[in-house]
Amino acid sequence: MDPVIIVGAGMAGAAAAAALGRANVTVVVLEGRDRVGGRGYLKPFAGTNEPLEFGGAWITPYHNRIRALVAEHDLALRPRHPVTHRRWLRDGAVHDTGPTSEADRAAHERTMARIAADSALLKTGRREDEKGRPLSGITFADYLDRLNAPAATRALCSAWWTVSGNGDHGLIAASEFLSSCAYGEGHPDGMIDVWSDTVSPGMATLAERMLAASGADLRLASPVTAVTDSGKGVTVDIADGSSIAGSHAILAVGINQLAHVRLSPRLDEARRQLLAEGHGGRSFKVWMALQGVPVGTLVTGDGSGIEFAFAERAGPDGAMLVVGFGLTGPQNRPDDPAWVAQEAARLFPNSRMLACDFADWVNDPFARGAWVATPVGLEPLFEASRWRRHGRLHFASSDIAREQAGWFEGAVVAGEDAAAAVLELLS
């Protein structure tokens, strides 16, 4: 029998390969990059041997599949350092007394109460608040306008947006932000409470071990250009002009990458629409080695540049390794050390930057964006039920997972679901 072909060697592809391997199914995995791991990207920090995650990293206490796989493959979890110093950048200075001035404190508290109430309603499945105002189908920008919050409160929400909605305020659904607020007690700062651990040494290492254990034939630097389902099997075309035949294909790539693979027969109109529009994940993640910053310091910014920065752990030369997030745009230059140093000085005035490093996910041809961010009006098209198999073509991505979408846990769930569908047909 021809092998099952998996396109993509990220966590979804690795999970699918592992499940098929356990069933003694022959698998070929084609990966466009020269590495595995997908959105998990472990590489040494600039000029050092310190390996850091330049893609996704944190997992939650309830990511049971990832936790089980970490144990199965003899890896470890590194607990996130608790937040021990909380500071806010506003009015041109860093404050440790709160996110707003005393004059705006009451308005800020009212806004936080409204966000908590709305996130709780959304968590129970409500799509409107008690006044009939939408909680879904509204952009983050429109939601902030409705809150009528003080400028510093808006900046605080924008900072947490860089790690939740992570896209254009006027394009991405506010429900991305509210859903993340619901992780805790409904306040933005509660988002970090569930970021409990990272995989040590990295998520890509877990993907490597899963693929090795699966027995799959892994072929790196093999970008796929087309997948054709003849009704009796599939043919997968590779950019070098070669092709490979298989019984089924699992397309374990994100929405924005899938749009650049020619599929035959064509998908239905709704799925073609989503591929044409894509998701809007546009955050950047930058690492900084800073001296003079206590571990556990969390600073949120003023709505520009690096908006979120957390001193996660000790690094080289007595420096602290600080991870920062912001939105990609012409005014932000995370690839420019001078710009990053300027941002570090704003957020940590008494610090000194030794080095910085980042990976450009938005311009990476094998990513074309950060983690999934749902544009308003397209929310239903991301539902897993929309992405059931298309003949012998199966879809597996954290972007469209039936649970924990956007997380590595969702990628594993999606990969295992796709493998289960293939196994049912093969049987």
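Phe-395 is buried, because its relative accessibility is 8% and the cut-off for burial is under 20%. Trp-387 is buried too, with a relative accessibility of 4%. These values come from a predicted model.

Trp-387 and Phe-395 form an edge-to-face aromatic pair. A search of the whole structure finds 13 aromatic pairs. Trp-160 and Phe-308 form another edge-to-face pair. The geometry of both pairs is tabulated here.

| Aromatic pair | Centre to centre | Angle between planes |
|---|---|---|
| Trp-160 and Phe-308 | 5.0 Å | 75° |
| Trp-387 and Phe-395 | 5.2 Å | 75° |

Trp-160 sits in helix H5 (residues 151-161), and Phe-308 sits in strand S18 (residues 308-314), so their pair ties together parts that are 148 residues apart in sequence. Both Trp-160 and Phe-308 are buried. Ring pairs also place these two residues in a cluster with Trp-58, Trp-195, Phe-325 and Trp-371.

Next, helix packing. Two packed helices are described by the angle between their axes and the distance between the axes. Helix H1 (residues 11-22) meets helix H11 (residues 408-426) with axes that come within 7 Å. The axes cross at roughly 40°, so H1 and H11 are oblique to each other. Their crossing is right-handed.

H1 contributes Met-11, Ala-12, Ala-15, Ala-16, Ala-19 and Leu-20 to the contact. From H11 come Phe-408, Ala-411, Val-412, Gly-415, Glu-416, Ala-419, Val-422 and Leu-423. By class, the contact residues of H1 and H11 comprise 12 nonpolar, 1 polar and 1 charged.

Methods. Residues numbered from 1 in each chain as written. Predicted model: local features only at pLDDT ≥ 70, side-chain atom pairs only at ≥ 80, totals over all residues. Heavy atoms only, no water. Axes fitted to C-alpha atoms, helices over the stretch in contact; angles between N-to-C directions. Helix = DSSP H or I, 4+ residues; strand = E, 2+ residues; numbered from the N terminus. Parallel < 35°, antiparallel > 145°, perpendicular 65-115°, else oblique. Left-handed = near helix turned anticlockwise from the far one by under 90°. Contact = heavy atoms within 4.5 Å. Nonpolar A, V, L, I, M, F, W, Y, C, P; charged D, E, K, R; others polar. Phe/Tyr/Trp six-rings, centres within 6.5 Å; stacked < 30°, edge-to-face > 60°. Buried < 20%, exposed > 50% of the residue type's maximum accessible area, 1.4 Å probe, protein only.
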